[in-house]
Amino acid sequence: MNKTAVLKLIDEATLLEEEAVPIYADHISTALAWSGISQRGAMEIRDYLVILKRDSEFHAKAFRSVKDMLTK
């Protein structure tokens, strides 16, 4: 694997963290209304999804930092 391939993987990972994770978290959160899961259970899951989205933002920043290091 060369530097170009690594940079491509970093770009893909960044895109997933910025776009896919928040979208899936929102879809799952919405689907909980029809899931039959208890209100308490749904609230707990939503709390985890908020954490997941926040962590995803951090991961995207970390990937951008790594890319900056590799392209300097």
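## Salt bridges and a buried glutamate

At a relative accessible area of 27%, Lys53 is partly exposed, a class that lies between buried (under 20%) and exposed (over 50%), computed with a 1.4 Å probe on protein chains only. This is a predicted model, in which local features need pLDDT of at least 70, side-chain atom pairs count only at pLDDT 80 or more, and totals for chains, interfaces and linings use all residues. Residues are numbered from 1 along each chain as its sequence is written, and side-chain values use heavy atoms, with hydrogens and water left out.

The structure holds four salt bridges, each defined as a side-chain nitrogen of Lys or Arg within 4 Å of a carboxyl oxygen of Asp or Glu. Among them are the following.

| Salt bridge | N to O distance |
|---|---|
| Asp11 and Lys67 | 2.8 Å |
| Lys53 and Asp26 | 2.7 Å |
| Arg54 and Asp55 | 3.8 Å |

Lys53 in helix α2 and Asp26 in helix α1 are 27 residues apart, and the pair links distant parts of the chain. Helices here are DSSP runs (H or I, at least four residues), numbered from the N terminus. Asp26 is partly exposed at 38%.

Glu17, in helix α1 (residues 3-31), is buried yet has no salt bridge; Arg64, the nearest side chain of opposite charge, is 9.5 Å away. For charge, Lys and Arg count as positive and Asp and Glu as negative, while His and the chain ends are not counted. Beyond four places in sequence, Glu17 touches Pro22, Ser56, His59, Ala60 and Phe63, contact meaning heavy atoms within 4.5 Å. Phe63 lies in helix α2 (residues 39-71) and counts as partly exposed at 27% relative accessibility.

Methods. Helix = DSSP H or I, 4+ residues; strand = E, 2+ residues; numbered from the N terminus.
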